[in-house]
Amino acid sequence: MPKAKKSSRRKKFDYGQDRKKLKKQFMKKQAPRIENSQIRNAWNDRKSTARNLQEMGLTFDPNRSLPIKKLTMLSGVKERTPAPTTIVTKPYVLDQLEEEANRPEKDTKTLSSDLMEYVQHMIREHHDNYKAMARDEKNYYQDTPKQIKRKINEYKRCHTESYDAFMKSLADK
């Protein structure tokens with residue numbers, strides 16, 4: 001069986017190709033994108049992952065960073081091996097991460113307007129009687145009393161201001 005013509009041809013160096021650009025493209029594909037902006041900005045591509053994290057005050061291997069309890073064979077006394085201490089050269093990364101973690105997370109869950117109307121109708125008609133709510137003709141999806149109670153609690157949790165205003169308007173009537 002004959003060989004393909006191109007496979008026997010010797011390789012020639014391409015002088016027109018930018019080798020530095022090729023290497024950059026290759027490294028960009030190889031190195032994953034770091035999602036966290038604080039870590040990404042402090043990252044040094046020339047250093048190893050462990051060294052980068054160590055400089056930021058983070059740990060690469062949690063087994064090495066936490067002190068290990070060792071049991072001795074003869075006596076049941078536990079000896080503690082101290083955790084290795086490292087010098088943090090980029091403490092601002094830790095500060096930024098802690099600040100971001102301490103920010104309260106905003107609850108973005110909302111309910112549909114139909115569900116809000118449904119819950120308001122049920123409360124308006126039946127107050128706290130969930131069994132009567134389950135038998136109501138507006139209960140199209142045949143929710144059980146527990147399901148209706150869950151929906152009402154969800155409405156209270158997600159829309160506290162509108163629930164309070166609704167209950168106030170019911171009390172005024």
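A residue counts as exposed when its relative accessible area is over 50%, and as buried when that area is under 20%. Gln142 reaches 68%, so Gln142 is exposed. The model itself is predicted.

Start with the overall layout. The protein chain holds 10 helices and two strands. Read from the N terminus, the order of elements is α-α-α-α-α-β-β-α-α-α-α-α. The chain has 173 residues, and 19% of them count as buried. Take the contacts in the chain with a separation of 6 or more. Residues 24 or more positions apart account for 43% of these.

Gln38 sits in helix α3, which spans residues 37-42. Its relative accessibility is 14%, so Gln38 counts as buried. What does Gln38 touch, leaving out residues up to four places away in sequence? The partners are Val93, Gln96, Leu97 and Glu100. Asp95 lies 57 residues from Gln38 along the chain. The C-alpha atoms of Gln38 and Asp95 are separated by 9.8 Å.

Now turn to the largest pocket. About 760 Å³ of space lies in this pocket. Its lining consists of 17 residues. Nearest the centre of the pocket are Met27, Lys28, Ala31, Trp43 and Asp45.

Next comes the stretch around the end of α7. Helix α7 covers residues 113-126, and His126 is found in this helix. Is His126 buried or exposed? At 18% relative accessibility, under the 20% cut-off, His126 counts as buried. Neighbours within four places in sequence aside, His126 is in contact with Ala132, Met133 and Asp136.

His127 gives another picture. His127 lies in the loop between α7 and α8, and α8 spans residues 130-135. With a relative accessible area of 52%, His127 is exposed. The phi angle of His127 is near 55°. That is a positive value in a residue other than glycine.

Further along, Gln142 also calls for a look at its backbone. Gln142 is placed in the loop between α8 and α9. Its phi is positive, about 50°, although Gln142 is not a glycine. As said at the outset, Gln142 is exposed at 68%.

The walk ends with α9 and α10. Two packed helices are described by the angle between their axes and the distance between the axes. Helix α9 covers residues 145-158, and helix α10 covers residues 160-172. Their axes come within 5 Å and cross at roughly 110°. Angles of 65 to 115 degrees count as roughly perpendicular. So α9 is roughly perpendicular to α10. Which residues meet in this contact? From α9 come Tyr155, Lys156, Arg157 and Cys158. From α10 come Thr160, Ser162, Tyr163 and Phe166. The residues of this contact divide into four nonpolar, two polar and two charged.

Note on methods: Residues are numbered from 1 along each chain as its sequence is written. This is a predicted model: local features need pLDDT of at least 70, side-chain atom pairs count only at pLDDT 80 or more; totals for chains, interfaces and linings use all residues. Side-chain values use heavy atoms; hydrogens and water are left out. Axes are lines fitted to C-alpha atoms, for helices over the stretch in contact, and angles run from 0 to 180 degrees between N-to-C directions. Helices (H or I, at least four residues) and strands (E, at least two) are DSSP runs, numbered from the N terminus. Angles under 35 degrees count as roughly parallel, over 145 as roughly antiparallel, 65 to 115 as roughly perpendicular and the rest as oblique. Contact means heavy atoms within 4.5 Å. Ala, Val, Leu, Ile, Met, Phe, Trp, Tyr, Cys and Pro count as nonpolar, Asp, Glu, Lys and Arg as charged, and the others, Gly among them, as polar. On a 1 Å grid over the protein atoms alone, a cavity is a set of points where a 1.4 Å probe fits but cannot get out, and a pocket is an open set with protein on both sides within 12 Å along at least five of seven lines; lining residues have an atom within 4 Å of a point. Grid points are joined across faces, edges and corners, and a volume is the space filled by probe spheres set on the points. Buried means under 20% relative accessible area, exposed over 50%, partly exposed in between (1.4 Å probe, protein chains only).
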